[in-house]
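Hi,

Here is the structure I promised to pass on.

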Amino acid sequence: MKRIAGENNEQRIIFLTVVSVLFLCFGLLLDRPSGIVAGLWNIIREPDYLITDYFVIGGVGAAFVNSGLLMLAFTVLLGTIRTDVHGLSFAAVFTIAGFSFFGKNIANVWFIVAGVWLYAQVQREPFVKFLYVALFGTALSPMVSQIMFGLKGPFVFRLAAGGAVGVAMGFVLPPLSTAMLSFHKGYNLYNIGFTAGLTGTVAISIYRSFGFIPQSRVIWSTGVDPMVAGFLVILFSGIFLSGYGMEHRSFRGLREIWSLPGRLLTDFVDLVGVGPTLMNMGINGLIFLTYLLVIGGDLNGPTIGGLLSIVGFSAIGKTAKNTLPVLFGVILGGMTTSWGLQDPPVQLAALFCTTLAPVAGSFGWIAGAVAGYLHSSVVLHVGILHAGFNLYNNGFAGGLVAAFLVPLIEAFARRRNL
Amino acid sequence: MKHHGLLLSRLTGELVAWCLTGGATDVDATIRRLPKAWEIFVSAVFPEGSRPAVERLSRLLSSPRSAGTDEYYWNLYGSDDAVFQLGLVGAMTDEADVRFDEETGRLTIRLLRAD
C-alpha cells in the first residue's frame, strides 16, 4: 500500500532542469554575454547581507543567470547523489533560486554545503540524510562573502577565513536545525531560517566582540519591469498548466492539498502527487505576484526571491487557503502601525510571512491573521541581532512568533478533527 | 542514525497519541527487531464512525520513504497533539499496512522500517 519512492523521479528532475534553463535563457536575453560575466563578477564580490538586490549589483540579466546556474547546479546534485525527488526537493531548489536574487551566488554557497558534508562524514552517515539541511542552510552564505570581500587584509587570508567560517557554519547546522524544530513545533516552515538566525546572532556577537560593526543597508531597485513581470506570469501559469495537464484537467487533488494544514513536514508531492502540487505552486505564485502589483510594490531581486520561495514551499505546506489569512494579518499591520505596505522590508514580510501558513492551516484564519500581524512587527526588529547575515530573516522572526503564539492557541482552541 | 532508539519510540508514540486523541480504547503498541528491519505494531479499538479518520491515516502512512527526512525532522514527533505527523511517519517507514474491522472497531497498524 506504500507509494513507490522515486516514482516519476526523472520527470521531476526534468521539471527542475527546464525551470533552471528558462531562467538562464531569460537572463541571457536581457543582457550581452560580456555584461552578464561582469555582472556575475560584481555579484560574487559583493558582501551580500540583507538587503542586497542583485538587480542593482549585477544587473537583471546576471541576476537571472546566477539564479539559473545555482538552480541547475543543485538539480544536478540531486540527480548525482541519486536521491528521490520529493516536494521537499522542489522547496529547497526553488528557495535557492529565489535567494540567488539577493544573497546566494555561484561562489558563496558551497562552503556551507561542504560544512554539512563534513558533519555527515564525522557522523559516518550518508550525506543524503543531511541534504536538505545543506540546501536550505545556504541562507548563511552572506557570512562567507562578507569575510572574503567585505573585510580588509590579504586576499588569501580572507579567502581562507571566509571559507573556514562557511564550513564551520554548515558543520553546526544539522544538529541545531533538528533541535530548533521543537521550539516552534513545525509551525514555522522556514525552520533553517530560525536556526540560521540563531547561529548568525551568535556569530555576529563574536564579530562585534572583535570590533567589527556591520553597517545596515538597503540596496533595492524600484519599479516593475514589464518583461520580468511577463516572464513570471508565463512561468507560474506554465507550472500550473503542467500540473493541470498531468491531472487530466481535474482539480480533485488540489482540493485535497487545500484540506491539509501544511505543518512541517507535509510533502504534497508524496501525499497527493506531482500534478496537484504543481497546480498549487503555480496558483500561489500568481496570487502573490498579483498582490505585489496591486499594492504598487517593486519587482526586483528580493521580491522575486520571495515569490519563488512561496512557489517552492507550495510543495510542502503553503496553499492559498493557509497563506492568505497570514497575508491579511500583515496588511492589517500596515493599516494600523507606522509603516506602509510599500516599504521594502514590509514588501518582503508580506511574501515571507507565509512561513506561518501552518498556523492558519491548523487553527483557522483568525489565528493565521494574528500570526501575520505579529510577524509584521517582529520581523522588522530582529534583523539587528544577526546584522542581516541570515538571509531567512523572516524564518527567524516566524520561529519566534510561532513559538510565542502556538502554545497559547493550543491552550484555548478547539482541537482539529483527526 | 545516532538517535535511532528515540526515533522509533517517538514514531510509535505519535501513532499511540493519534489513537488516544481519536477516542481509541485498549491501545497496544509493540516494537520488534526483525533480521533486517524494525517492526512497529499498533492495535486499538475505535468508537463508531471512525472510518474517515482511519482512511485519512491510511492515506498519510502510504507516503513513500524519504531518506532526507530522518535526521532532520524526527524531532517533530510528539511535539503536538493538535496536528499529527502521520505523513512523516509514512516518510520514515518502508512498509505500512493498515487494517480496520468496522464491526469490532479494531484498527491494526503494522509498519516496517528497514535498516
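How many nonpolar, polar and charged residues does the lining of the largest pocket have? By class, there are 16 nonpolar, 7 polar and 2 charged residues (Ala, Val, Leu, Ile, Met, Phe, Trp, Tyr, Cys and Pro count as nonpolar, Asp, Glu, Lys and Arg as charged, and the others, Gly among them, as polar).

Some housekeeping: this is a predicted model, where local features need pLDDT of at least 70, side-chain atom pairs count only at pLDDT 80 or more, and totals for chains, interfaces and linings use all residues. Residues are numbered from 1 along each chain as its sequence is written, chains are lettered from A and ligands numbered from 1 in the order in which they are written, and side-chain values use heavy atoms, with hydrogens and water left out.

Back to the largest pocket. On a 1 Å grid over the protein atoms alone, a pocket is an open set of points with protein on both sides within 12 Å along at least five of seven lines, a cavity is a set where a 1.4 Å probe fits but cannot get out, and lining residues have an atom within 4 Å of a point. Leu50(A), Gly383(A), Ile384(A), Gly388(A) and Asn393(A) lie nearest its centre, out of 25 lining residues. H19(A) supplies the largest share of that lining, 6 residues (helices are DSSP runs of H or I, at least four residues, numbered from the N terminus). Domain 1 (9-209) and domain 2 (226-409) of chain A both contribute to the lining, so the largest pocket lies between them (the bounds come from an automatic or database domain assignment).

The second largest pocket comes to about 240 Å³. Its lining has 12 nonpolar residues, no polar ones and 1 charged, and H9(A) gives the most, with 6 residues.

As for cavities, there are 4 of 30 Å³ or more. Why does the second largest cavity lie between domain 1 and domain 2 of chain A? Because both domains give residues to its lining.

Key
Grid points are joined across faces, edges and corners, and a volume is the space filled by probe spheres set on the points. Helices (H or I, at least four residues) and strands (E, at least two) are DSSP runs, numbered from the N terminus.
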